[in-house]
Each structure stands twice: as structure tokens, then as C-alpha cells.
Amino acid sequence: SNDTDQPILVHVNTHGNPILARTTPPSQVIPAGSTAGFDIVLYMEVEQTYETQFTYTVNGHHSFVVPLRAQAVPVMLSLSKQRVNFTFPGHSYQPTVSEIITVINPGNNPADFRIENQSPNFTASPASGTVDAAGSEEVVLTYNPGQTQKHEHQMKVTVVGGSAMTLSLSGEVDEGV
């Protein structure tokens, strides 16, 4: 907060620390009587306890050191279903059938995912994305049986900074369809 009657310039110095590289903005003018904030972002790709510091300077003359201590935990995403069995509705003449799954992020930071190992019979759309903190994203899985009546397949759901998950898929076309 700027409790003075003049604007102040505040600059944050992360000292080139790559773990703090996503901190924004690097500096800002805070009008008289106003409050402003900086997003101090620690980005670590491995689970660890980390200690560091950054410095903020007011009007180029008054510097203050802020110590940081953080425990990085893996990014966690979950799927609404780990197994999907595709069936065509009775007397369907459609060449494909789709199911929707939800990628859920219970964490407090956005998380990126990729769905790998797609096949001609099973596809995912979107095949990658970002799930907002405490949010969810829908993914449409599509089964295209082609000329064969039964298929089984596994897709890998990779979570950037977390553990991969397996999505088991099966589909079967009833001979009468």
C-alpha cells in the first residue's frame, strides 16, 4: 500500500532466479493512497522444499528483502472416468460414437495435460489443454470402429509436472447395427 500523498515506483528483483522467472510485473507505479500487488510465482518441476528470496525497491532507493520458503508438490489432475466402453445406440447408422470425460484440477494452479497414443479407432479432442485452478475441462472421446467389430485401446494422459494416467477404452459394434 502507498499511504503517501505521492505516487511511488516499486521494482521487484528476483536476482535472475529461474524458479521466480514467472513473477510479474517487474515494476509498477502505485498511485498515492492506493494498493497494488505483484504475482510472485515459484515454478518448480520436481517435488522439493525450496528456500530463496527476492528484493523489492521503492523509488530506486529503499530496498527490502523478502525470504521465501516453499514446498513444491506434484501437479494432480484426475479423470471423471478411467475406463470408457463405447456402444452404439440401437439401430444407429452413424459411423462413430462419442463419450465425454472431464479432466479435473483440484489444485490451486493451472495444469497442462496431453492425451497421447491415439489410434485410428479412438481419438480425443482436444488432445491437449490447460485446466484452470480448481477447474475442469471436457474432452470428447470418439470411437470409429471402421470394418472391425471390437476394439480395445489405452491412451496415456500426461500431466506436466505430475504423474501420467491411463485411459482404457473399448468399443464394440453389435452385428445387428
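Among contacts in the protein chain between residues at least 6 apart in sequence, what percentage join residues at least 24 apart? In this predicted model, the share of such contacts that join residues at least 24 apart is 55%.

The secondary structure of the protein chain consists of 13 strands and zero helices. Read from the N terminus, the order of elements is accordingly β-β-β-β-β-β-β-β-β-β-β-β-β. The radius of gyration of the chain is 25 Å, whereas the globule rule gives 16 Å for 177 residues; the computed value is well over that figure, so the chain is more spread out than a compact globule. The extent of the C-alpha trace along its principal axes is about 80 × 35 × 20 Å. Of the 177 residues in the protein chain, 33% are buried.

Attention then turns to the aromatic side chains. A pair of aromatic rings is described by the distance of the centres and the angle of the planes. Five aromatic pairs are present in the structure. One of them is formed by F86 and Y143, with 5.7 Å from centre to centre and 35° between the planes, and is tilted. Because F86 belongs to strand β6 (residues 83-87) and Y143 to strand β11 (residues 136-143), this pair ties together parts that are 57 residues apart in sequence. Both partners are shielded from solvent by the criterion applied: F86 has a relative accessibility of 0% and therefore counts as buried, and Y143, also at 0% relative accessibility, counts as buried.

Y143 takes part in a further pair, with F122. Ring pairs link F122 and Y143, together with F86 and F88, into a cluster.

A contact of another kind involves a charged side chain and a ring. R22 is positioned over the face of Y43, and its distance from the ring centre is 3.6 Å.

Key:
Residues numbered from 1 in each chain as written. Predicted model: local features only at pLDDT ≥ 70, side-chain atom pairs only at ≥ 80, totals over all residues. Heavy atoms only, no water. Phe/Tyr/Trp six-rings, centres within 6.5 Å; stacked < 30°, edge-to-face > 60°. Helix = DSSP H or I, 4+ residues; strand = E, 2+ residues; numbered from the N terminus. Buried < 20%, exposed > 50% of the residue type's maximum accessible area, 1.4 Å probe, protein only. Lys NZ or Arg CZ within 6 Å of the ring centre and 35° of its normal. Rg over C-alpha atoms; globule rule 2.2 N^0.38 Å. Contact = heavy atoms within 4.5 Å.
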